[in-house]
Amino acid sequence: GGVAAYGQMGWSGICIAKKMEPEVLGRPVDVKLVDTKSDKVESANAVSRLIEREKVVAVIGEMISGNTIAGAAIAEKVGVPMVSPTATNPMVTQKRKWISRVCFIDTEQGRILAKLAKDRLKAKTAALIYDQSQDYSVGLAAFFKKEFTAGGGKIVSETKFKSGDRDFSPQLSVVLSARPDVICAPIYYTECALLAQQARDIGLNVPILAGDGVQAPELLELGGRAVENIYFTTHFHKDMITSERGKIFLKLFEQETGRTEPDAFTAMAADAYFIVVDAIRRANSTDAVKVRDAILATKDFNGVTGQITLKSDGDPIKAMVIDKVQGGKFVYVTTIEP
């Protein structure tokens, strides 16, 4: 599907994590993979299949917010713990007892993006472009707008599109006329790469800000020079690794892939695996209620992506990273502590 790269990266992280911790309670961990095809209906079906046919103890996934919300409804109804590596929309865990995540949420992401625009880039005006068909994009756009305007900034244009669109000239013509200091585009990597190319082609060279949804190698491959100096909030960069678990993971990643730069989706999925296994170990059981309670009791867990503590609502307390594209790579800028 349209965001297949996220699933592929997540699966890579889980496979490496499983090599590091292949057993729990004296038994081998068996991981089942179901492809959701980047689709909400398929996501709900996948969770049903994993629970009913595969009899899983816990579900790791989905990778994006809309699909996670769809699958979470099934896990919540049946009563099986579900941990998302990277679904950031606040609705993922709201009014739910069985759903948690290891990533920050979009309210915080929007706040940091607004602060980045105002403090680092000295922006007073911003153009907002978002994907109206994705819960993640709609939510993050709203949070950025709220924080940016609360701090004295002005949104001079607001345009939207639908996933799969390839021509952004209608949106960019509006932006060009509005003459913003920055463009905030909380969208996924494919559309962001195309948007950046088309913006640069018409002479629109202002900085572009994005969220964690752009951190995929495909952004660099598709966007080329046009995506240089895109700033984005994200969950992880290898330069922030301090834990022993993180160092071992990085070494294994390099051995397995031949690459030296693990992305956030790979690292976050690994942490979701580690936290589920750790919860089963602490619960000393595979009973659903006991595992769920142990997941929610996670405190000061030293993961690949930093220290993670889960609150009773399933949301984490953890650091956020700011990266930018520079020299055709994702370059670490700074870490924002929780």
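Helix α1 and helix α9 (residues 244–257) pack at an angle of about 115°, and their axes are 10 Å apart. The crossing in which α1 passes α9 is right-handed. On the α1 side, the contact is made by Ser-12, Gly-13, Ile-16, Ala-17, Lys-19 and Met-20. On the α9 side, the contributing residues are Arg-245, Ile-248, Phe-249, Leu-252, Phe-253, Glu-256 and Thr-257. By residue class, the contact of α1 with α9 comprises 7 nonpolar, 3 polar and 3 charged residues. The model from which these values were computed is a predicted one.

Helix α1 (residues 4–20) also packs with helix α10 (residues 264–283), at an angle of about 45° and with an axis separation of 7 Å. The two helices, α1 and α10, are therefore oblique to each other. Their crossing is right-handed. From α1, the contact draws on Tyr-6, Met-9, Gly-10, Ser-12, Gly-13, Ile-14, Ala-17, Lys-18 and Met-20. From α10, the residues involved are Phe-265, Thr-266, Ala-269, Ala-270, Tyr-273 and Phe-274. The residues of the contact of α1 with α10 divide into 10 nonpolar, 4 polar and 1 charged. Ser-12, Gly-13, Ala-17 and Met-20 of α1 are listed in the contact with α9 and also in the contact with α10.

Beyond α10, Asp-287 is placed in the loop between α10 and α11 (288–296). Asp-287 has a relative accessible area of 37% and is partly exposed, since this value lies between the cut-offs of 20% and 50%. Asp-287 and Thr-298 are 11 residues apart along the chain, and their C-alpha atoms are separated by 17 Å.

Helix α6 spans residues 169–178, and Gln-171, Leu-172 and Val-175 are buried in this helix. Viewed down the axis of α6, the buried residues fall within an arc of 90°, so they line one face of the helix. The packing partners of these buried residues are β6 (125–131), β7 (154–161), β8 (182–184) and α7 (189–201). Pro-170 and Ser-177 are exposed and are carried on the face of α6 turned away from its buried side. Just after α6, Arg-179 adopts a positive phi of about 55°.

With neighbours within four places in sequence left aside, Ser-137 is in contact with Tyr-130, Asp-131, Pro-186 and Ile-187.

When neighbours within four places in sequence are excluded, the contacts of Thr-233 are with Gln-109, Ile-112, Leu-113, Ala-210, Gly-211, Asp-212, Met-320 and Val-321. Thr-233 and Ile-322 are 89 residues apart in sequence, with a C-alpha to C-alpha distance of 4.6 Å.

Conventions. Residues numbered from 1 in each chain as written. Predicted model: local features only at pLDDT ≥ 70, side-chain atom pairs only at ≥ 80, totals over all residues. Heavy atoms only, no water. Buried < 20%, exposed > 50% of the residue type's maximum accessible area, 1.4 Å probe, protein only. Helix = DSSP H or I, 4+ residues; strand = E, 2+ residues; numbered from the N terminus. Arc of directions from axis to C-beta. Contact = heavy atoms within 4.5 Å. Axes fitted to C-alpha atoms, helices over the stretch in contact; angles between N-to-C directions. Parallel < 35°, antiparallel > 145°, perpendicular 65-115°, else oblique. Left-handed = near helix turned anticlockwise from the far one by under 90°. Nonpolar A, V, L, I, M, F, W, Y, C, P; charged D, E, K, R; others polar.
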